[in-house]
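Hi,

Here is the structure I promised to pass on.

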Amino acid sequence: MTARGRPVLDPATGRTVTRLPDTDGPGVADAVARADAAFREVWSDTSPARRSGLLRDLGDLLRDDRDEFAALERLDAGKPTARAAGEVDFAARVVDWFAAAARYPVGETHPAGPGMRTYTDRVPVGVCAAITPNNYPLLLAVWKIAAALAYGNTVVVKPAPETPLSIRRLVGRAGELLPEGVLTAVYGGAGTGRLLCDQPAVGMVSFTGSTTAGREVARRCADGLRPVSLELGGKSPVVVFRDADLDAAARAVVAGFTGNTGQMCVAGSRLIVEQAVHDEFVGRVAELAGALRVGPPEDPGTDLGPLISRAAAERTAEVVEEAAARGARVILPPGRRGVRHDLGGGFFVHPAIVDGAPFDGRAWREEIFGPVLSVASFATDAEALDLAHDTAYGLSASVWTSDADRTERFGRALRAGMVWVNTWGDTEETVSVSGLGQSGYGRELGIHAVEGYTRPRAVWVAHRPGR
């Protein structure tokens with residue numbers, strides 16, 4: 001174990017796995033300088049076909065080292081093995097997608113007079129700073145890295161301080177494939193992120209994290225007119241009507257608030273259910289959630305691993321206890337009296353349903369990042385929509401109904417960057433996603449990612465100068 005540096009903990013045990021020093025100011029400046037030199041001297045002149053081929057090799061690397069990357073995600077993020085391996089697979093598919101996208105045509109040719117050719121194209125921004133969160137350490141970093149590299153940029157990635165291990169390994173392995181400086185990493189917390197945002201050679205910043213931190217990123221980048229892409233928090237509604245397939249909806253609701261132990265920006269953490277089926281439906285959800293197994297990530301039978309930190313577990317319990325003190329009905333798994341789960345010193349919690357959460361309380365209003373579901377009921381379609389929109393966020397929303405007219409109306413009316421109708425959580429590398437409101441702006445994945453990692457340019461070429 002390294003003697004000095006920030007501790008990296010195993011959230012399943014609370015023990016220190018290793019220590020990794022924060023990158024200091026000169027170190028951040030050096031990483032950006034190397035990325036800038038690589039962009040100007042090598043990568044900007046690398047053909048799309050060559051970039052595509054290197055990205056295919058990177059995708060193959062992820063597949064070849066799947067077990068190793070999954071083990072690292074399990075170690076510092078507390079992910080159950082099957083979930084971690086699935087995220088590595090998704091990351092490899094994302095790299096494959098952008099390997100192909102590197103060769104897609106962009107731009108347009110415009111009508112022009114004799115002797116003149118006029119066209120628009122897109123050019124890379126240069127050095128991209130990718131600042132990534134702790135809930136999907138490898139996957140969300142790869143979303144940014146693959147897109148930036150495909151469109152001709154170089155990347156300096158800063159993983160969350162709690163979960164640096166898979167990114168450190170990825171950057172090391174990618175160094176065997178990519179030219180020096182094309183993909184580098186810096187490490188540390190908010191201070192390192194601020195240093196990275198302030199570097200003049202950084203052409204854009206892509207950030208995924210909390211809304212509070214996203215605001216600071218945007219403010220820091222504003223002075224240099226540096227563009228940012230922000231994928232921020234959420235407090236997403238799942239609206240369930242009495243005519244829905246209630247069994248399918250219940251399974252989706254449970255997946256939506258307990259998946260990744262609730263540590264998802266798109267978590268369906270607010271259930272808005274029609275009064276006529278409220279008791280029946282909440283009972284179904286409670287039964288399914290109560291059957292989930294909380295346990296160590298390496299156990300194949302584990303459904304929910306630990307939260308990322310002791311503070312996260314304590315905050316989750318506090319939010320639930322606060323709601324209960326204000327009159328909400330808290331439903332826990334059978335035999336459990338509290339949210340915290342004592343298991344080997346780790347940061348474990350049980351799923352909790354907060355029925356009748358006060359609308360001005362934290363359980364209803366704040367992103368908890370734990371497996372907590374707040375429940376409200378409605379009598380009319382208008383009331384359902386009002387409750388769905390009772391949030392500053394706009395990342396995702398889901399509606400469940402068998403009424404075709406209502407499907408279309410809610411599909412149009414829900415103010416969220418991702419809307420799921422009679423489903424929840426579908427995400428594909430080919431579909432661009434983004435948020436509204438306090439959930440940020442900018443696009444990830446799909447064909448529209450090019451808009452964030454390049455800039456449009458208009459070009460006039462005179463074949464008969466002076467005429």
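Let's start with two strands: β8 (residues 202–208) and β9 pair in the parallel sense over 4 bridges. Strands here are DSSP E runs of at least two residues, helices are H or I runs of at least four, and both are numbered from the N terminus; two strands count as paired if DSSP finds at least two bridges between them. F207 has L230 as its bridge partner in β9.

One caution: this is a predicted model, where local features need pLDDT of at least 70 and side-chain atom pairs pLDDT 80 or more, while totals for chains, interfaces and linings use all residues. Residues are numbered from 1 along each chain as its sequence is written, and side-chain values use heavy atoms, without hydrogens and water.

Back to β9, which also pairs with strand β21 (residues 440–441), this time in the antiparallel sense over 2 bridges. There, L230 has Y441 as its bridge partner.

Is β9 (residues 228–231) buried or exposed on its two faces? Both are covered: V228 and L230 are buried on one side, S229 and E231 on the other. Buried means under 20% relative accessible area, using a 1.4 Å probe and protein chains only. The general rule behind the two sides is that side chains in a regular strand alternate between the two faces of the sheet.

Leaving aside neighbours within four places in sequence, V157 is in contact (heavy atoms within 4.5 Å) with residues including A130, I145, V171 and L183.

Enjoy exploring!

Methods:
Buried < 20%, exposed > 50% of the residue type's maximum accessible area, 1.4 Å probe, protein only.
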